[in-house]
Amino acid sequence: MDMTNLATTTIRPFVPGGKDFALSKRFYLALGFELTFEAGGVAGFACDSGSFLLQDHYDEGWGNNFMMQLIVRDLDAWWAHIQALDLPGSFGVPEPRPPAPMPWGLTLAYVIGPCGELWHVVQG
């Protein structure tokens, strides 16, 4: 099969944000994501190399089992940024977990969003 006409440009996951959509949007803006659009219960967020759609929908099972990986150039700088935000005090989320080496070879930090979504922040 000729795949020439099936080229893709990106993949954008839907991230749960509807437990408190306004709080979730502020959380991602504080982390440093850029709000690119908002319409019909969806907010587009972007960073240097990717994007996602924050959805004004919440399901506890989905939120508590949703994971994303953010690959950064300088994990130490990101960790300092994350700590400076006081995410638990500002957004009512669990305390982020500091960078630690994992058995599979990566060093990563954990950040949990307002809907329970887990972010793996890893240097790449």
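The legends below describe close-up views of a predicted model. Local features are described only at pLDDT of at least 70 and side-chain atom pairs only at pLDDT 80 or more, while totals for chains, interfaces and linings use all residues. Residues are numbered from 1 along each chain as its sequence is written, and side-chain values use heavy atoms, with hydrogens and water left out.

**View 1. An open sheet of 4 strands.** The strands lie in the order β5-β8-β7-β6, with mixed pairing. Strands (E, at least two residues) and helices (H or I, at least four residues) are DSSP runs, numbered from the N terminus. Two strands count as paired if DSSP finds at least two bridges between them. At the edges are β5 (67–72) and β6 (97–101), each of which pairs on one side only. Neighbouring strands are turned against each other by 25° on average, direction ignored; the axes used are lines fitted to C-alpha atoms, and angles between N-to-C directions run from 0 to 180 degrees.

**View 2. The pairing of β6 with β7.** Strands of a sheet pair through backbone hydrogen bonds, either parallel or antiparallel. Here β6 and β7 (residues 107–112) run antiparallel and are joined by 3 bridges. Arginine 97 has tyrosine 110 in β7 as its bridge partner.

**View 3. The two sides of helix α3.** In α3 (residues 75–84), Leu75, Trp79 and Ile82 are buried, meaning under 20% relative accessible area; exposed means over 50%, and partly exposed is in between (1.4 Å probe, protein chains only).

**View 4. The ends of helix α3.** At the start of α3, a side-chain oxygen of aspartate 74 comes to within 3.1 Å of the backbone nitrogen of aspartate 76. After α3 comes aspartate 86, with a positive phi near 45°.

**View 5. Serine 24 in helix α1.** Serine 24 is part of helix α1. Serine 24 counts as buried because its relative accessibility is 0%. Apart from neighbours within four places in sequence, serine 24 is in contact (heavy atoms within 4.5 Å) with Gly17, Leu54, Pro114 and Cys115.

**View 6. Alanine 77 in helix α3.** Alanine 77 belongs to helix α3. With a relative accessible area of 43%, alanine 77 is partly exposed. Its C-alpha atom is separated by 25 Å from that of cysteine 115, 38 residues apart along the chain.

Key
Polar contact = N/O pair within 3.5 Å; in protein donor to acceptor, adjacent residues only side chain to side chain.
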